[in-house]
Amino acid sequence: MITIQNISKFDDQQPTAVTIGTFDGVHIGHRKLLDRLINDAKLLNLKATVLTFFPHPRMVLQQDANIKLLNTIDEKIKILENIGLDYLMIYPFSKEFSRLSATDFVESILVKGLNSKKIIIGYDHRFGRNRNADIKDLISFGKTHNFEVEEIPAQEIDEVSVSSTKIRKALEEGDITTANSYLGYNYMLTGTVIHGKGLGKQLSFPTANIHIEEDYKLIPLNGVYVVKSKIDNTTVYGMMNIGFNPTVSGKEKSIEVHFFDFDQDLYGKKIQIDILERLRDEHKFSSVEELKKQLEQDKKTSLSLIAQP
């Protein structure tokens, strides 16, 4: 898959089959549409292309500082790389771009920019300034500019009763099992390992403190989770705490991971944490000793879960 962030650099000699959307989470509902795109592109000898936007339109149009997304842009690229696309076009979304008329969008982006010969979209897709154009308009443009439009009907999409909103809600409630089943993969956090206060080491549970740069990334409900990560091509398991460390009167929220049977300096490394299961809420214990006992129990529980086929 070739990722392009400047449409002028797209090789427009190669005709494309295109689908359009933000695809937050790239969940199993999205995959239905993307699989259709890839199959049709092969049959028609077209290049399977996703046109997506960054920043997320709501970040720009609503200046919604509180918007939380399931994927950072780098995570989205990583997920899409593995499904068989030819191109990912990440178009920079701006207020100026949002004012583009439907006609200009079709002519400058889909026709001239991407050389589209087939467009596959969901039944409720709208586009152009104020989102005032719909599937009927797109079909009309297709007749003028010689591209085919395929609509994924409502009943086909609704068979997969999944939405990014449902996944966000599940994560905010700590329901990682539901979120992962809707995503079709383990929800991930990607960040850089930074220095913490060293409390974990004192408890014989040294932790990697994860700093996530993108403030729009959704962090699941506070608590303790079973996780895994790939470090230097080796899969390592562990447990992660999201929260404030109330037993030691912590004031700042942190994400800390204790990896099992692992002793390696990770400071400064960017790592991906895959969240497998949620163990419990974060608690304030009566003493550091009580906390240590609970951590030992958490480790036992985690190892037994990991050992299950």
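Student: How do strand 7 and strand 8 pair, parallel or antiparallel?
Tutor: Strand 7 and strand 8 (residues 208–211) pair in the antiparallel sense, over 3 bridges. Strands here are DSSP runs of E with at least two residues, helices are H or I runs of at least four, and both are numbered from the N terminus. Two strands count as paired if DSSP finds at least two bridges between them. This is a predicted model, where local features need pLDDT of at least 70 and side-chain atom pairs count only at pLDDT 80 or more, while totals for chains, interfaces and linings use all residues. Residues are numbered from 1 along each chain as its sequence is written, and side-chain values use heavy atoms, with hydrogens and water left out.

Student: Ok, which residue is the bridge partner of Thr192 in strand 8?
Tutor: That's His211.

Student: What about strand 12, how many bridges join strand 7 to it?
Tutor: 5 bridges join strand 7 to strand 12 (residues 270–280), and the two run antiparallel. Within strand 12, Ile273 is the bridge partner of Leu189.

Student: Is strand 7 enclosed or out in the open?
Tutor: Strand 7 (residues 188–194) has 5 of its 7 residues buried, so it is largely enclosed by the rest of the structure. Buried means under 20% relative accessible area, exposed means over 50%, and partly exposed is in between (1.4 Å probe, protein chains only).

Student: Which strands make up the barrel, and in what order?
Tutor: 6 strands close into a barrel in the order 7-8-11-10-9-12, with antiparallel pairing. The twist averages 45 degrees from one strand to the next. Axes are lines fitted to C-alpha atoms (for helices, over the stretch in contact), and angles run from 0 to 180 degrees between N-to-C directions.

Student: Which helices pack on the sheet?
Tutor: Helix 3 (residues 73–81) packs on it, touching strand 7 and strand 12, and its direction makes about 125 degrees with that of strand 7. Helix 11 (residues 288–307) packs on the sheet too, touching strand 9 (223–231), strand 10 and strand 12, and its direction makes about 100 degrees with that of strand 12. Touching is about contact, meaning heavy atoms within 4.5 Å.

Student: Let's go to strand 11. How many of its residues are buried?
Tutor: In strand 11 (residues 254–259), 6 of its 6 residues are buried. Both faces are covered, with Ser254, Glu256 and His258 on one side and Ile255, Val257 and Phe259 on the other.

Student: And what does strand 11 pair with?
Tutor: It pairs with strand 8 in the antiparallel sense over 2 bridges, and Ala208 stands opposite Val257. Strand 10 (residues 234–243) is joined to strand 11 by 6 bridges, also antiparallel. There, Asn241 stands opposite Glu256, and Gly238 has Phe259 as its bridge partner.

Student: What does Phe259 touch?
Tutor: Leaving aside its neighbours within four places in sequence, Phe259 is in contact with several residues, including Ala208, Ile231, Val236 and Leu266. Phe259 is buried, with a relative accessible area of 5%.

Student: New topic: what's up with Lys76, buried or exposed?
Tutor: Lys76 lies in helix 3. Lys76 is buried yet has no salt bridge, and the nearest side chain of opposite charge, Asp24, is 5.4 Å away. For charge, Lys and Arg count as positive and Asp and Glu as negative, with His and the chain ends not counted. A salt bridge is a side-chain nitrogen of Lys or Arg within 4 Å of a carboxyl oxygen of Asp or Glu.
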